[in-house]
Amino acid sequence: MIGAGLADAVSYATHFVANPDLVARFTLDRELAAGDPGTYYTGGAGGYVDYPASRWGDGVRR
């Protein structure tokens with residue numbers, strides 16, 4: 001979007017909540033986990049530390 005001149009900045013904030021490994025998922029072309037907005041800002045750890053990590057070994061070329 002930035003390269004195409006459609007935006008000055010792009011935020012991945014909610015994607016980072018559900019995908020703490022977001023940069024690696026983009027790099028490895030992995031599917032993103034869906035976030036659960038009902039768990040955001042509730043004061044507990046649920047919804048922040050319980051999302052599944054990507055499976056790194058699947059299809060990765062070395």
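**Aromatic pairs**

I started with the rings, and the count in this predicted model comes to one aromatic pair. Its members are Tyr12 and Phe26, sitting edge-to-face, with 5.3 Å from centre to centre and 65 degrees between the planes. I checked the label against the angle: planes over 60 degrees apart count as edge-to-face, and this pair is at 65 degrees.

Next I asked myself which parts of the chain the pair ties together. Tyr12 belongs to the segment before helix 1, while Phe26 is in helix 2 (residues 22-27), so the pair links parts 14 residues apart in sequence.

**The nonpolar patch**

Both ring residues turned up again when I listed surface patches. Met1, Ile2, Leu6, Val10, Tyr12, Phe16, Val23 and Phe26 make a nonpolar surface patch of about 810 Å².

Val10 is in the segment before helix 1 (13-18), and I noted it as partly exposed, with a relative accessible area of 33%. Met1 is also placed in the segment before helix 1, but Met1 is exposed, with a relative accessible area of 62%. Leaving out residues up to four places away in sequence, I found Met1 touching Leu6, Ala7 and Val10. Leu6 and Val10 are listed in the patch as well.

**The salt bridge**

I turned to charges next and found one salt bridge in the structure. Asp21 forms it with Arg25, and the closest N and O atoms are 2.7 Å apart. For my own check, the cut-off is 4 Å.

Are the two partners buried or exposed? Asp21 is buried, with a relative accessible area of 13%, and Arg25 counts as buried at 5%. The line for buried is drawn at under 20%.

**The loop between the helices**

Asn19 is buried, and its relative accessible area is 0%. I looked up what Asn19 touches, not counting residues up to four places away in sequence: Arg25, Leu32 and Ala33. That puts the salt-bridge partner Arg25 among the contacts of Asn19.

Pro20 lies in the loop between helix 1 and helix 2 as well. Pro20 is exposed, with a relative accessible area of 59%, whereas Asn19 is buried. I also took one C-alpha distance from here: Pro20 and Ala53 are 33 residues apart along the chain, and their C-alpha atoms are separated by 7.8 Å.

**After helix 2**

Asp29 is placed in the segment after helix 2 and is exposed, with a relative accessible area of 71%.

Glu31 is found in the segment after helix 2 too, and at 70% relative accessibility I have it down as exposed.

**Whole chain**

I finished with the totals. The chain has two helices and zero strands. Of its 62 residues, 19% are buried, with Asn19, Asp21 and Arg25 being the ones I had looked up along the way.

How much of the contact list joins residues 24 or more positions apart? I got 37% of the contacts with a separation of 6 or more. The accessible surface of the chain is about 4,800 Å², and carbon and sulfur atoms hold 57% of that.

Methods
Residues are numbered from 1 along each chain as its sequence is written. This is a predicted model: local features need pLDDT of at least 70, side-chain atom pairs count only at pLDDT 80 or more; totals for chains, interfaces and linings use all residues. Side-chain values use heavy atoms; hydrogens and water are left out. Patches are made of residues with over 30% relative accessible area and no salt bridge: like charges are joined within 9 Å, nonpolar side chains (Val, Leu, Ile, Met, Phe, Trp, Tyr) within 5 Å. Accessible areas come from the Shrake-Rupley method with a 1.4 Å probe; for residues, only the protein chains shown count as cover. A salt bridge is a side-chain nitrogen of Lys or Arg within 4 Å of a carboxyl oxygen of Asp or Glu. Helices (H or I, at least four residues) and strands (E, at least two) are DSSP runs, numbered from the N terminus. Buried means under 20% relative accessible area, exposed over 50%, partly exposed in between (1.4 Å probe, protein chains only). Contact means heavy atoms within 4.5 Å. Rings of Phe, Tyr and Trp (its six-membered ring) pair if their centres lie within 6.5 Å; planes under 30 degrees apart count as stacked, over 60 as edge-to-face and the rest as tilted.
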